[in-house]
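The following report describes a complex of several chains, moving from confidence to interfaces and then to local geometry. Please read it alongside the sequence and the structure shown here.

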Amino acid sequence: MTAAVRDGSMPETPGRAPWRTMFRHARRRAAVPSAAAFAFLAFVALVALAPRVAARYDPVEMNPAVVLTGPTAVHPFGTDEFGRDILSRVAYGARTSLGYAVLATAISVSLGTVVGVTSGFYAGTFDAVVMRAIDVLMAFPGILLALIVVTLLGPGLTNAMIAIGVGQTPAFSRVVRGATLSIKGNQYIEAAHSMGASGARVMRRHILPNVQHVVFVLATLGYGTAILIGASLSFLGLGAQPPVPEWGSMLETARGYLQTNWWVGVLPGVVLGATLLSINIVGDQVRDMLDPSLRID
Amino acid sequence: MWRAWIVLMLVAVLGLPQLALSAAGPQRGGTLVYSLDGSPDRLDPNLSGLRPAQIVFFQIFDPLVVRDPKDASIKPWLATSWTVSADGKVYTFHLRPGVMFQDGTPFDAAAVKFNLDRTHNPALGTRCGGCAVGFYESTEVVDRLTVRIHLKSPWAPFLDAASLFYRMVSPAGVAKVGDQNFGQHPVGSGPFRFVEWVPNDRVVLERTPGYAWASPLFGRQGPALLDRVVFRIIPEPSTRVGALQAGEVQVTTAVSPQDFQRLAHDPKFRPIVGLAPGAPYSWAINVTKAPTDDLAVRQAMEYGINRDLIARVAYGPFQTYGAYRPAYTLLSPVTWGYDKQSEIYRYDPAKARALLDAAGWKTGPDGTRRKGDQRLVVVFNAWEHGIPELVQAELRSIGIDVHVGIYDALTVNENQRKGESNMSPLPGARTDPDILSAWLHSRNVGSGGFNFSFVKDPALDKLFDAGATEVDPARRKQIYAQAEQYAMDKAYMLPITTRDNVSLESVKVEDLRFDATGFFPWLYDTWLQP
Amino acid sequence: MTYVVHRIAHSALVVAGVLVLVSLLIHLVPGDPAQLMVGDAPVSAAQLQQIRKSLGLDRPLPAQLAGDAVRFARGDLGRSLRSGRPISDTLRFALPSTLSLAVAAMAFAVLVGVPAGILASVYRGRWVDTAATAFAVVGISLPSFWTGILFIVLFAVQLGWFPTSGQGSLRALVLPALTLGWYPAGALARVLRSSMLEVMRREYVGVARAKGVRERAVVLHHALRNALLPTVTLGTIQFGALLSGAIVTETVFARDGLGRLVVEGILQKDFPVVQGVVLVIAVIYTLMNLSTDLMYAWLDPRIRYG
């Protein structure tokens, strides 16, 4: 449900085995599921970029003649309460859900990186103040912080995504700070410092490249969480607005049809579940490859 | 002789099953579980106007009078008779003797005064939308069982309000726990008394022993038949109907069309349909905000939506029972004062396009019309899916871009009030046509009022004022007909469908009746098959 | 010992910060809080002023913050604007309801997740592993509002095994607990599996095996004990996360609780309720984190503050 990063400082970054070996190792360990997950995600991403690959209809076009018809050759996922083609809505919904989650992840990753790196790098009072602020924010578990932000900004998809991005930032900052601290001790950074490089330059040239892998793992794992919380906020009526096709709000309206017209809720739900599943599998893979000690459960 | 035999045979064939049935007639006992779609705020009729709260507290508190759903006449309840002064400003009620509150204190004229004053005490912040706020002046205790209510100016809907919203609470009960806490410890004179309230889960009531002042409209006297009533709070529609199917509740309100279709013919359940008088599901149209300040745009919307189709797609299964029909004017067809002449907008997309063309709204490259650099965008907020999407699709085909927002009711109202939306819904189930003045009288613009069209039209105000004070029914009806025609001609609101009570009950439930609004159950008579 | 003192002081600081943030909340909301609160009631300007006064909004900000802090510290969370009910009263019903849901969900997570993790690691690569991993990954992937509704349709409506909603009975707790508990069960199983595998690769396990200790004893005594540390941490964190998971689960199952209170408070702009619930959740969450850290320190003596 939520991203909770382990409290306390980062475990030390382990000595990294050569990339290639790790990749091979990881590949061997879960070849079939991860290949399937990669393939599925690639397909969903393709559909998100070019919905017409899967969509044969306008996702918002209503057709009163075919209201709530089950899956057929013409409408493989059936139609909804307005006679809209569900497969087309799922396809365009991939664009909405996946696209907006990028926004949320971009916010949390960039804010988290800036806060984490500067706080870890400058240490001292600045760090102490930032970390206490983060501690306070982290006392609001996951979706609660997002809910509060939505209350302040008002409902809507963009606001919901900002809320999710902000909601994930404290946890991300803390992990990036941990990574920064463990790198800061390295001799070459002290060397760069003593040669008169400015703080900004050291951070940019020496710290950022070295926490890159952590940020990448965070982004992958955070992306799935962003989609999930986005769907949850839409479920609570605080996200996407009609007629925009979005997975969470599709499921929200489908709730009432589960007993009468199962396809309205079950098929989009299966796609959402499979997407999240694939992101989790791929995310684990990426983490195992880059930094097995990172844990965001 | 043979005739007698035939009669006997007939009696045997036709009558015996009847006898067998009536032998199992009204049974005392049992617990009725009734599901609500939202939580009450406080069980305090003086301070709350929230529907789930009203459904519960209408069982605990009696009104002075009651409207008979059969002929819409006003019948006695706690008042045995009443008179209205010639100027329409003074209402005198003669109270029924021997009525006791559930805490053992007597109901009398002083209690009526206490209730009226408390309802209109601004420091307590009443949320009673249908009460005489702005009209009430004072209450005078004439003697122990006679009370005189003075209004600042005549207000014809007063008896209607008295039949619904002015319910009598026990002054001693309020004194005991305080104004703010009374809603959690309600004490009234009704057929059921309060037992417990588990927040967000249930409210439990039990029969008031010794109840002997039911309104004559019930045709029966004495305590209620049910031992207990449990109101279960289940906001989720699919969960609510699931609870009915699982036998956890016996009555479930606000059923979705598809669940209704599925279960209405199930032998275990019975549909309950109450056609609601008052305003149908109408949308207020902000006449001060572009582009709906343009009469042509408003009229184009009236002509441009296919109400028949919208009602059929959104609410098809209800229509078999006469509910949720297309609505073409400001009052629903079952309302006293409904005027068919005002139904002037039949679906005519060609006419809608012509109106927009003539007003200078030309179709742009993206299919949306524009005038100069202004796109024809109408912001449409609601708290329910269905109608908004359908209207959006219909208006798109005549070149109006509708931006829909589905939010909770408070946000919807706030957005309309702040002028962030052009349109928002105003459902108003009431038995009196004066409900229209709440939507369209200029005094209800701003500061908490519900004139969400922001109409300040002296001609309309004059009609509403005349309607509120006219005591002759025929003339009064004429005034409201005029008001409906006038307001529809100006397209101040967009009526779309009627909005009725659609519920399901278990076949074990007998004699569950609803009041004249169609929404509030009377559980006094209700009993359960064993 | 200094670690413990430090950790407690730190938690106190966090709680103080939460107090400040929560009492600022009402000022961060766009618009006039008093107007938002009366919602649709017809009120005069004088009444609005009265409401501002009753909420202490007419005083300068620092005075409000101080007043709020004193009030909250005394346990007085104010009254709901909609029901007039004292919030501490409402919490008396909601808190046990949410806690019992969270405890039941956690019990399910431990009872299912721990054996699943152990079995998966012992039978690594076999069908048991595949099944346990699938259970885990599906659990952490599916949105709980969707599984919850499927559970209601299947187990309550179709099969009639459990009630659809409500509380008061243990049976009513089963479906919400499954819905809420599947995620932590999956997370626990995954973490336990990987840390078991890691531990079993270590030398002392090999030594134990070489010494002829039976496999069952190797797994349960040597491997599990050491693999449990990260699992315990995760477990307590998950317990905190359950509080936010409860927001969705309680809505689906129409259960009373903190989650549903906060959602309704937000939708109805009932800010004192939102403040009160947020405060309680944040304090519980902080206490959970504190106890995790203390337990961690107790289990692993190497950890010291630094």
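## Confidence of the model

Helices (H or I, at least four residues) and strands (E, at least two) are DSSP runs, numbered from the N terminus. This is a predicted model, in which local features need pLDDT of at least 70 and side-chain atom pairs count only at pLDDT 80 or more, while totals for chains, interfaces and linings use all residues. Residues are numbered from 1 along each chain as its sequence is written, and chains are lettered from A and ligands numbered from 1 in the order in which they are written.

Chain C averages a pLDDT of 80, and 88% of its residues score at least 70; for chain B the mean pLDDT is 89, and 94% of the residues reach 70 or more. Among the elements of chain B, helix α1 (residues 2-23) has the lowest mean pLDDT and helix α8 (residues 295-304) the highest. Over residues 13-23 of chain B the pLDDT is below 50, and this stretch has zero contacts in the model beyond near neighbours in sequence; two residues are in contact if their C-beta atoms, placed from the backbone, lie within 7 Å. The model as a whole scores ipTM 0.79 and pTM 0.80.

The mean values for the elements named above are set out here.

| Helix | Residues | Mean pLDDT |
|---|---|---|
| α1 of chain B | 2-23 | 49 |
| α8 of chain B | 295-304 | 97 |

## Interfaces of chain C

The contact between chains C and A takes 44 residues from chain C and 35 residues from chain A. On the chain C side, α1 (2-28), α6 (127-141), α7 (144-158), α8 (171-201), α10 (215-252), α11 (258-267) and α12 (271-299) each supply at least two residues, and the largest share, 11 residues, comes from α10(C). By class, this side of chain C has 32 nonpolar, 11 polar and one charged residues, with Ala, Val, Leu, Ile, Met, Phe, Trp, Tyr, Cys and Pro counted as nonpolar, Asp, Glu, Lys and Arg as charged, and the others, Gly among them, as polar.

The contact between chains B and C takes 34 residues from chain B and 35 residues from chain C. The elements that give two or more residues to the chain B side are β10 (228-233), α6 (237-245) and α12 (409-417) of chain B, and α6(B) gives the most, with five residues. By class, the side of chain B that touches chain C has 11 nonpolar, 15 polar and eight charged residues.

## Chain A and helix α7 of chain C

Chain A has 10 helices and zero strands, and of its 297 residues, 55% count as buried, a residue being buried if 20 or more other C-beta atoms lie within 10 Å of its own, exposed if 12 or fewer, and partly exposed in between, with C-beta atoms placed from the backbone. Among contacts in chain A between residues at least 6 apart in sequence, 71% join residues at least 24 apart.

In chain C, α7(C) has 15 residues and reaches 20 Å from its first C-alpha to its last, close to the 21 Å expected at 1.5 Å a residue, the expected span being 1.5 Å times one less than the number of residues. A kink of about 25° is centred on C:I152, the bend at a residue being the angle between axes fitted to the seven residues ending there and the seven starting there. The helix α7(C) is mostly covered, with 11 of its 15 residues buried, and C:I152 is itself one of the buried residues, as are C:W146 and C:F151. Just after α7(C), C:G160 takes a positive phi of about 70°.

## Strands of chain B

Five bridges join strand β4 (residues 79-84) of chain B to β5(B), the two running antiparallel, and strands count as paired if DSSP finds at least two bridges between them. β4(B) and β5(B) form a hairpin with five residues between them, and B:G88 in the turn has a positive phi of about 75°. Five bridges also join β5(B) to strand β7 (residues 146-151) of chain B, again antiparallel. B:H94 has B:S81 as a bridge partner and stands opposite B:T146 in β7(B).

Definitions and conventions:
pLDDT = per-residue confidence, 0-100.
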